[in-house]
Amino acid sequence: MDKPVKAAMVQLLVEGGEPERNFERAEKLVAGASREGCGLAVLPETIDFGWTHPSSIDEARPVPGSYSDFFCEAAARYGIFLAVGLTERREDRNYNSAILIDSSGNILLKYSKINLLEVEFPYYTVGGSISVVDTALGKIGLNICSDNYIESLHIAKTLASMGADFILSPASWTVDYSVAESREPYSQKWERPLKHVARLYDVTLISATAVGYIVGGPYEGKKMVGGSLAVSPEGIITKGSVNELAGELITFEASPVSGREKGVQIGEKVRKKGYDFEAVIK
Amino acid sequence: MSVIVNGVELDIEHRRCVRCIQDSSVPGINFDAEGVCNFCRMHERLLEIYPSGKKGQDILESFFEKIRSTPGKSGYDCVVGVSGGRDSTYLLWKCVKEWGLRPLAVHFNDGFDNPVGGENMSRAAEALGVELRTITSDWREAKDLKITFLKASVPDLNLGTDIGIASSLYEAAFQEGIKYILIGQSFRTEGIKPLSWSFFDGDYLRNVQKKLGMVPLRPWKPGDPGFNLGKKELTYYTVLKKIRTLTPLYYVDYVRKDAEEILKNELGWVYPGAHYFDDLYHSLIHYVHRVKFNIDLNMNSDSALVRSGQLSREKALERASGAYHIEDERIIDLCIKRLGISRNEFESYLNLPPRTFRDYPTGYGYIKLLRIPIWMASRANLLPKITYEKYFKHGK
């Protein structure tokens with residue numbers, strides 16, 4: 001194993017349509033992650049306006065732009081890598097994007113969500129590229145929330161095949177308003193796919209989701225309740241608490257896997273771990 | 001001389017109580033020969049009904065014995081309603097640290113929670129080792145109710161939330177088989193609002209929503225009441241299920257400043273910025289009350305503090321002379337935006353002629369018929385004792 005990375009999931013309270021208030025809370029938690037010695041913090045999806053909030057249609061900003069600048073400055077100020085989800089305005093279209101910023105405040109990677117839900121179609125355009133980047137922490141790839149649905153795991157698997165040590169996944173996992181804290185909210189919906197990819201491909205997936213009540217758009221009547229997940233090849237590293245009222249900083253250590261396979265070697269390794277490629281195309 | 005009462009200009013003399021700071025703008029206020037208002041006299045009666053000190057402690061202990069002896073399914077013996085504000089957090093602290101109760105903390109989320117309050121609740125629950133259960137409204141209903149009551153043009157702008165809070169406490173008690181609900185109100189610090197400022201009646205809510213709302217309320221189920229808490233539902237919970245609601249802080253010499261110190265030191269509690277500001281919508285309510293109805297809720301609660309010796313009358317008068325700082329223009333904008341309406345639409349509701357609950361079908365006639373049973377129920381703690389005083393002995 002290579003040198004472990006102390007990382008944080010910023011399980012942020014996101015208020016729909018309130019970027020300044022969301023950013024203020026995000027910065028406090030990022031500062032906390034820095035104080036705790038974290039070299040990387042992952043924040044949730046579209047933390048500017050909230051996921052599918054109607055105001056994002058007209059108020060989204062370009063990347064780079066003032067909103068991404070806010071996080072670039074924060075990354076430099078606190079000396080920490082940040083992965084953050086923002087609504088991106090690009091050539092008269094909006095994208096559900098995520099960026100990776102290094103500890104000097106430079107944007108290293110930008111990704112736009114591919115596996116959009118149908119309710120997202122009026123809000124975001126499907127992303128058109130996927131890539132990884134070498135960093136001081138290891139090779140990092142980005143995807144977003146429902147990109148990790150079982151039917152679209154090829155996205156995470158491609159990132160792993162490109163050599164990603166870490167897949168950082170800003171998310172806005174939702175549940176019905178009637179789900180209380182006393183119930184396991186997701187019924188393994190997110191654990192199963194993340195554990196599947198992590199185990200087969202020797203990659204660590206870190207998915208920070210939001211908390212808060214959805215107050216606009218097609219998902220009114222639902223809410224975000226946290227439960228962020230960090231998963232290594234060995235299994236779950238840590239989880240965020242289930243809570244719809246308050247943000248939380250979850251810190252942990254994660255290690256990149258050294259001496260990884262390349263190209264067709266990856267398929268061989270996955271086959272040896274019991275994955276039946278033939279069954280998929282039957 | 002004229003005074004605006006509930007938004008209507010009345011040809012009456014402006015007077016102010018010589019003891020507290022309430023004035024003729026408060027509906028139903030009157031003054032005795034000494035110049036003391038009926039709200040202050042009511043406070044004196046409440047001090048007799050709800051003694052503090054040793055007598056209050058003895059009464060509380062008799063309640064607590066009953067509470068401890070009737071645990072629910074999961075071992076909790078009471079439901080405590082929490083908001084992240086000072087009063088409810090202090091009540092939760094008292095339950096655990098001083099009274100030896102096993103509370104289930106229940107919060108009702110209607111989409112306008114102040115994030116500071118949310119953090120307070122989470123920290124308090126963790127520090128006290130209490131389960132925090134959040135009962136969330138369906139935003140489509142909650143939002144529409146807020147707009148409906150703006151259209152209704154009445155002061156009860158938060159009736160949906162008030163009913164939702166109460167029904168969520170009954171919901172949790174019903175689900176867990178708990179017989180006691182504790183709430184953190186105190187007449188010593190909050191006072192009592194006139195009926196027309198806050199008419200708590202689930203039938204009123206249902207009737208107004210039917211008339212002016214766009215979203216039908218989901219039907220009542222005992223374990224999922226939603227916004228349904230009319231006389232039938234209330235009878236079900238209080239008479240059939242025998243769930244009682246108590247206000248323990250009424251028996252305590254509750255001093256806000258002292259409570260704050262404890263909460264800050266022991267639970268890392270943070271002041272949300274103002275009384276009632278655990279709910280951001282109070283920023284908008286305060287604004288509408290001031291500009292449309294000439295209502296000052298803060299004058300009401302500051303008067304209670306003056307009566308309790310927790311605030312000087314001079315300081316209270318000084319605070320009453322300007323707009324209360326809870327009226328934050330940015331938060332008012334947030335509320336309007338969150339409701340999904342334009343500023344113009346909001347202003348159009350502001351310009352509607354002011355009304356009160358008396359302009360709508362309510363359960364008030366039924367409540368008046370039940371004067372004696374309500375007196376008996378409030379004295380037997382089936383309902384908060386103050387219920388009778390509020391409906392029959394107080395301002396209009």
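I'll start with confidence. What I have on screen is a prediction, and its scores are ipTM 0.92 and pTM 0.93. For chain B, the mean pLDDT comes out at 93, with 98% of the residues at 70 or more.

Now chain A as a whole. The chain contains 15 strands and 7 helices. How does the radius of gyration of chain A sit against that of a compact globule? The chain has 282 residues, so a compact globule would have a radius of gyration near 19 Å, and the 18 Å of chain A agrees with that. As for burial, 55% of the 282 residues of chain A count as buried. Then the contacts: taking those in chain A with a separation of 6 or more, 70% are between residues 24 or more positions apart.

Next, the interface. On the chain A side, 19 residues are in contact with chain B, and on the chain B side the number is 21. Sorted by class, the chain A residues that touch chain B are 8 nonpolar, 6 charged and 5 polar.

The rest of the talk is about one strand, β4 of chain A, residues 93-101. Is β4(A) mostly covered or mostly open? The strand is mostly covered, with 8 of its 9 residues buried.

Strand β4(A) pairs with β3(A), which covers residues 81-90. The two run antiparallel and are joined by 9 bridges. One position to look at is L82(A), which stands opposite I101(A) in β4(A). The hairpin of β3(A) and β4(A) has 2 residues between the strands. In that hairpin, E91(A) takes a positive phi, near 45°.

β4(A) also pairs with β5(A), residues 107-112. This pairing is antiparallel too, over 5 bridges. Here L100(A) has L109(A), in β5(A), as its bridge partner. Which residue takes a positive phi in the hairpin of β4(A) and β5(A)? That is G105(A), with phi near 95°, in a hairpin that has 5 residues between the strands.

To put the strands together: β4(A) is joined to β3(A) by 9 bridges and to β5(A) by 5, and 8 of the 9 residues of β4(A) are buried. That is the end of what I have.

Key: Residues numbered from 1 in each chain as written. Chains lettered and ligands numbered in written order. Predicted model: local features only at pLDDT ≥ 70, side-chain atom pairs only at ≥ 80, totals over all residues. pLDDT = per-residue confidence, 0-100. Helix = DSSP H or I, 4+ residues; strand = E, 2+ residues; numbered from the N terminus. Rg over C-alpha atoms; globule rule 2.2 N^0.38 Å. Buried ≥ 20, exposed ≤ 12 C-beta atoms within 10 Å, placed from the backbone. Contact = placed C-beta atoms within 7 Å. Nonpolar A, V, L, I, M, F, W, Y, C, P; charged D, E, K, R; others polar. Pairing = 2+ DSSP bridges.
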